[in-house]
Amino acid sequence: MDLTKSKSLSLSQRSVWKSTTDIDTTSSAKSLSKESTWRHMSERSASRARLDSSSSKSSDDEGNTYRQTLDAILSPSRLAGLDAADVAPIFYNPYSFFSHIVSIRGRNFSMLVAPLLILLCWSLGWQLLFVYISEGNQVQDLLASIDQLVMPILTPLSFLLTFRLGRAGVRFWDARSAVGAMIATCRTNISIVSVAIASPIRMRKRQAKVSRSEKKQQLECTDDQSGNNECFDVGNQDNELAMKLLCEYARWLAVFPIAVKHHLRPTTRKGWEQDATDNKQRYELGMLLSNEDAQRVITATGDKNGKSLVVLNQLHQLAYDIAYCTYDSDTLVPFSPAAANRAMLYQQVTNQLNDLTLAYGAMERIKSTPLPFAYAIHLRTFLLIYLFLWNMISVAEYGWISIPFQFLLNWALLGVEAAAVECERPFEYRENHLTLGKVSVLISRNIGQTLTELFGE
């Protein structure tokens with residue numbers, strides 16, 4: 001999907017929108033994953049994933065509102081943009097020792113390059129000193145003799161590294177657990193809200209179906225001027241408010257994981273313009289929100305949690321409106337929930353929204369609370385001291401042949417720290433980090449599936 005050639009799009013025409021979004025999601029995500037696509041993304045290109053608010057709200061018909069909501073939630077173009085928001089993870093064979101063992105990608109090697117090169121130069125410098133300096137042999141013998149003084153440093157260092165990597169792994173798993181809790185809560189939440197809205201309507205239709213089998217005239221029929229019979233169910237005209245509330249709730253619920261992703265991911269990326277970042281975020285929201293609401297989510301800052309709080313506040317408001325939604329029609333009033341049931345529904349939905357807040361809070365805590373400074377610096381200080389001393393002694397004792405083995409040990413020990421850094425920060429744009437874009441896609445599809453199963457296509 002070429003985003004730079006969208007100048008001729010007429011966003012006010014629904015047919016044009018359908019023609020641009022009914023595409024293969026996989027091929028679209030492949031194009032959208034290119035960094036160059038987003039770096040200089042224009043406002044017009046960002047508009048490709050949404051309709052003008054006047055078009056998306058052009059009809060008050062219940063069926064159209066429902067279908068427009070499904071189109072917005074399951075838009076292939078928007079889902080492709082979310083899918084492309086992640087760096088592709090590396091999948092390895094857990095049953096093979098040889099799977100990706102020679103691969104550099106995904107090892108956080110960029111963090112290792114500087115210390116490995118410095119240690120290599122350090123070893124080469126000492127070896128040249130021993131070779132070309134007249135007193136080199138004496139220095140070499142002296143350094144080789146202190147081997148037993150340096151080795152004990154490795155014991156506490158091993159404990160520090162083990163604890164470091166273990167805690168980093170726990171943080172990664174806690175982050176994944178919080179993401180899983182967000183997914184599960186969104187699934188149950190949309191199901192409960194949808195069933196609550198649909199229950200009076202479904203019971204009314206069920207009674208009408210039973211009545212039609214007993215008595216043939218439960219439908220009011222009007223004859224149009226052409227003589228055709230146009231029949232409609234008495235209750236169908238009274239579902240408009242309830243369906244609008246449900247559709248709005250579903251849209252905002254689909255926005256929540258996207259807002260969480262925007263908050264947890266870095267606000268800037270190297271080589272990216274701020275306008276391109278904002279346009280990319282607008283693309284991911286697509287038709288879910290109007291331009292005004294989308295800008296409110298994107299530009300919300302507050303205490304740096306603004307994006308998610310805007311969505312949660314809106315969901316809490318809609319939860320109250322849904323719980324106490326009134327059915328004015330005489331045909332639906334008998335099936336409306338009692339006051340106690342409404343209170344129970346509101347409490348249950350509110351509790352689930354609070355669970356979303358807790359899951360989001362857990363992820364935010366992991367993001368903003370790295371390992372304490374004292375521990376990390378103490379570990380790195382003595383790790384480097386040990387490696388510098390050990391490299392020097394190894395060169396003094398074994399000469400040139402020791403340098404390749406030094407490089408391997410340096411990589412092994414420094415790699416533990418680099419792996420720990422990758423695990424303790426699971427929300428960055430890297431291969432080892434959580435795919436929050438794909439999580440947003442999954443939640444959108446779950447919401448769309450629930451709406452489709454309860455209300456039909």
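## Helices H8 and H18

H8 passes H18 in a right-handed crossing, a term for a near helix turned clockwise from the far one by less than a right angle. The contact, meaning heavy atoms within 4.5 Å, involves Pro115, Leu116, Leu119, Leu120, Ser123 and Leu124 on the H8 side and Ile403, Gln406, Phe407, Asn410, Trp411 and Leu414 on the H18 side. Sorted by class, these residues are 9 nonpolar, 3 polar and no charged. Ala, Val, Leu, Ile, Met, Phe, Trp, Tyr, Cys and Pro count as nonpolar, Asp, Glu, Lys and Arg as charged, and the others, Gly among them, as polar.

Two packed helices are described by the angle between their axes and the distance between the axes. For H8 and H18 (residues 402-424), the axes come within 10 Å and cross at roughly 150°. Axes here are lines fitted to C-alpha atoms over the stretch in contact, with angles from 0 to 180 degrees between N-to-C directions. H8 and H18 are therefore roughly antiparallel, the term for angles over 145 degrees.

## Basis of the model

This is a predicted model in which local features need pLDDT of at least 70 and side-chain atom pairs pLDDT 80 or more, while totals for chains, interfaces and linings use all residues. Residues are numbered from 1 along each chain as its sequence is written, and side-chain values use heavy atoms, with hydrogens and water left out. Helices are DSSP runs (H or I, at least four residues), numbered from the N terminus.

His100 counts as partly exposed because its relative accessibility is 40%. Asn108 is buried, at 6%. Buried means under 20% relative accessible area, exposed over 50%, and partly exposed in between (1.4 Å probe, protein chains only).

## Helix H13

H13 (residues 274-285) has 12 residues and reaches 17 Å from its first C-alpha to its last, close to the expected 16 Å. The expected span is 1.5 Å times one less than the number of residues. Of the 12 residues, 9 are buried, including Lys280, Arg282 and Glu284. Gly286 follows H13 and has a positive phi, near 55°.

## Gly169 and Glu422

Gly169 belongs to H11 (residues 154-214) and is partly exposed, with a relative accessible area of 31%. Gly169 and Glu422 are 253 residues apart in sequence, yet 9.4 Å apart in space, C-alpha to C-alpha.

Technical notes. Helix = DSSP H or I, 4+ residues; strand = E, 2+ residues; numbered from the N terminus. Parallel < 35°, antiparallel > 145°, perpendicular 65-115°, else oblique.
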